[in-house]
Amino acid sequence: MAPRVVVVGLASDFGCQVQITNIEDHLLEMLGVIDLGYWQLASSGHMPAEYDIAVVEGAVTTVEHIELLKRLRETASVVMTIGTCAHTGGIPALANRCDLDAAYSAVYGEGSDVARGRCAPEPVHSVIDVDYQVPGCPIDMDEFLAVLSKALQGLADPLPGDPMCAVCKTKENVCLLDRGEICLGLVTRTGCGAKCPSLGRPCTGCRGLAPDANFDAARKVLASKGFDPNELDRRFDLYNAVREGVR
Amino acid sequence: MSIITVEHVARIEGHGTIHVELEGSTVKDVHMEIVEPARFFEPMVVGRKFDEVSLVTSRICGICSPNHAVTSLKAIEDALGIQVSERTKLLRKLLVYGSYLQNHATHLYIFSAPDFLGLPSVFPLAETHPDVLERALKIKKAGNELCTLVGGRPVHPVTAVVGGFTHEPGADELEAFRDRLLALVDDAVVTAQLFDSFDVPEFSSSCEMLALADDEEYAVYDGNTAALEAGWNRPVQEYRAFIDEQVVGHSNAKHSTSDGRSFMTGAIARVNLSSKQLMPRAAQALASLSTGAVGKNTFLNNVCQAIELIDACERCAVYCDRLITEGGTSAPVEYEVKAGFGVGATEAPRGTVYHSYTLDDDGFVVSGDVITPTAQNLGNLDADMRAFAPTVAGLPHDEFILQVEELVRAYDLCLSCSVH
């Protein structure tokens with residue numbers, strides 16, 4: 001019997017689920033090997049009681065999210081996260097840099113009673129164990145299919161550990177630091193094929209911190225190119241506001 | 001009194017619940033609860049540098065990310081006094097239209113069509129109507145690939161930056177895409193015919209309609225905001241003076257009014273305000289609709305999106321040609337970082353989106369404000385549901401709910417946008 005897959009969204013822009021619908025060429029083939037048990041974005045119907053693989057998009061920002069994740073972990077044999085929000089907290093985690101009470105007042109006015117039940121944003125792996133991760137904002141469709149097929153076969157899929165610069169060099173790109181732009185490829189996890197620098201745009205760190213990255217050395221590189229070294233930390237916060245143990 | 005709730009309405013972007021209170025077959029109350037949690041993009045953007053803003057605000061929405069990116073770039077450029085090249089504008093319009101092709105095809109075929117075909121989702125079409133599903137995916141794919149051609153990927157464009165583009169497609173790629181768009185016009189026409197063939201209730205909203213309007217062309221990038229009934233036309237820089245936002249108890253998203261009235265923005269507003277500027281095949285399709293003029297039947301927002309698919313294919317083919325023949329550059333223009341306030345607006349697939357930012361001397365954001373199309377439309381959706389639900393309250397329960405859901409889906413809501 002085809003493994004039953006459910007796709008659920010927490011706090012996100014749905015961009016990674018949209019990317020799944022963007023697998024036009026392979027969407028139907030994919031549906032041939034899995035039983036898509038629940039996908040709120042694309043279909044009416046309720047979450048089934050039993051499923052094998054839970055695909056989770058989005059950061060954890062409410063108490064309901066935490067309860068849902070615990071239920072998913074108890075039921076599914078495999079939990080797979082997609083996208084930066086789920087992986088690092090992503091853009092939603094920037095709210096950790098704000099005073100949430102002040103934010104409520106700024107958006108809804110003083111003493112407003114809407115939008116409660118919110119907690120400090122976290123990545124999914126802070127709440128439950130995660131078996132597979134597809135990083136990136138948004139996910140790359142081919143990478144998603146590759147990781148899903150490994151999950152279906154029970155194969156290991158360790159995330160690459162080296163920084164993006166290593167791959168960017170092999171693309172023969174002119175280093176953006178030398179063109180006067182702050183690029184975060186020095187410390188960001190590879191796996192995207194250096195997509196942004198290859199299109200002339202500096203890396204913004206959406207795939208999270210490379211475990212092999214040397215932040216101190218990267219700051220020195222920035223300083224040597226005439227930049228404020230603290231800009232590395234400030235800019236890296238964009239998708240990585242909840243990271244720990246970096247400094 | 002019985003209360004019906006449809007939790008987590010399917011086939012819309014985001015989490016929302018329809019709430020209906022019935023007394024016998026009399027509708028006492030009906031509204032849409034937005035349970036999507038607040039996301040705080042406006043406070044989050046404070047303290048970010050001007051060149052990071054589009055990266056953050058593009059993440060308001062995975063479906064119309066090119067629009068949020070382009071709109072925030074326009075606002076930042078307005079604040080810094082930057083004029084971009086004509087070529088940059090053409091490329092940005094292609095990004096906007098790429099999102100129209102992608103969004104409208106997704107909304108029409110994947111979200112809405114199952115209602116009219118009596119299906120829970122689009123997937124059974126693979127068995128019963130493979131040609132329909134194939135057409136849907138073909139148009140959607142063209143939209144994605146147009147965004148990829150210009151922006152580097154379908155969701156969250158890479159190449160669009162303050163002042164221009166970091167990379168642009170080659171002439172051969174543009175030429176190939178132009179031919180593909182021209183070949184797609186017929187698929188878009190068939191889409192309009194298909195949606196015109198679906199029965200929709202006779203209904204007329206009591207709303208105002210707002211959209212960008214421009215003397216030059218069908219407005220999606222430039223232009224002023226125009227009001228269909230009140231007849232005014234005002235610069236987008238004044239948006240705070242003609243759109244009022246209110247916090248309502250049942251929704252994490254705010255509601256909007258203009259001159260005290262709820263209003264609709266989106267394809268139906270654009271078609272009403274700019275129908276004379278549609279490209280030839282789109283204009284022809286509009287003229288041959290079985291319903292005649294679209295007027296204010298909000299259910300016809302679907303068919304208006306289909307008309308816009310035709311227009312987008314014809315128009316983008318022209319833009320590709322212009323990019324091939326006209327020359328010029330889209331490389332980011334030189335600019336000076338300084339303090340200022342700026343507003344940007346574009347027509348996203350679902351309606352006008354406004355962004356504004358205040359920058360300090362070093363280009364850091366001091367305050368930001370975004371009004372999304374869905375936040376503008378939600379108040380009007382509630383008003384439409386209150387007017388429409390009583391007219392179908394006598395139907396069997398499931399049918400009643402389906403009709404109300406059809407109205408909701410005709411709005412092409414994006415609830416995660418609405419709680420930005």
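View 1. B:Met209 sits opposite B:Met264 of E11(B). This is a predicted model, where local features need pLDDT of at least 70, side-chain atom pairs count only at pLDDT 80 or more, and totals for chains, interfaces and linings use all residues. Residues are numbered from 1 along each chain as its sequence is written, with chains lettered from A and ligands numbered from 1 in the order in which they are written. Strand E11 (residues 263–264) of chain B runs parallel to E6(B), and two bridges join them. With strand E7 (residues 224–227) of chain B, E6(B) pairs in the antiparallel sense over four bridges, and there B:Ala211 has B:Ala226 as its bridge partner. (Strands pair if DSSP finds at least two bridges between them; strands are DSSP runs of E, at least two residues, helices are runs of H or I, at least four, and both are numbered from the N terminus.)

**View 2. The two faces of E6(B).** Six of the six residues of strand E6 (residues 208–213) of chain B are buried, so the rest of the structure largely encloses it. Buried here means 20 or more other C-beta atoms within 10 Å of the residue's own, with C-beta atoms placed from the backbone; 12 or fewer is exposed, and in between is partly exposed. In a regular strand, side chains alternate between the two faces of the sheet. On one side of E6(B) are B:Glu208, B:Leu210 and B:Leu212, on the other B:Met209, B:Ala211 and B:Ala213.

**View 3. Helix H12(B) against helix H13(B).** H12 (residues 373–392) and H13 (residues 397–410) of chain B pack at about 155°, axes 10 Å apart. Axes are lines fitted to C-alpha atoms, for helices over the stretch in contact, and angles run from 0 to 180 degrees between N-to-C directions. Among the contact residues are B:Phe388 of H12(B) and B:Phe400 of H13(B); contact means C-beta atoms, placed from the backbone, within 7 Å. The contact residues divide into nine nonpolar, one polar and one charged. (Ala, Val, Leu, Ile, Met, Phe, Trp, Tyr, Cys and Pro count as nonpolar, Asp, Glu, Lys and Arg as charged, and the others, Gly among them, as polar.)

View 4. The open sheet runs E1-E2-E3 with antiparallel pairing, and strands E1 (2–6) and E3 (26–34) are its edges. Strand E2 (residues 16–23) of chain B meets E3(B) over eight bridges, with B:Leu22 opposite B:Val27. H12(B) packs on the sheet, touching E2 and E3 of chain B, while H13(B) lies across E1, E2 and E3 at about 45° to E1(B).

**View 5. The five-stranded parallel sheet of chain A.** Its order is E2-E1-E3-E5-E7, and the sheet is open. E2 (35–39) and E7 (132–134) of chain A each have a single partner strand, so one side of each lacks a neighbour in the sheet. E5 (residues 78–82) of chain A pairs with E7(A) over three bridges, including A:Met80 with A:Tyr132. Helix H6 (residues 141–153) of chain A packs on the sheet, its direction making about 170° with that of E7(A).

**View 6. Where chain A meets chain B.** 42 residues of chain A are in contact with 43 of chain B. Elements giving two or more residues to chain A's side include helices H1 (15–21) and H2 (24–33). That side has 23 nonpolar, 14 polar and five charged residues.

Technical notes:
Two residues are in contact if their C-beta atoms, placed from the backbone, lie within 7 Å.
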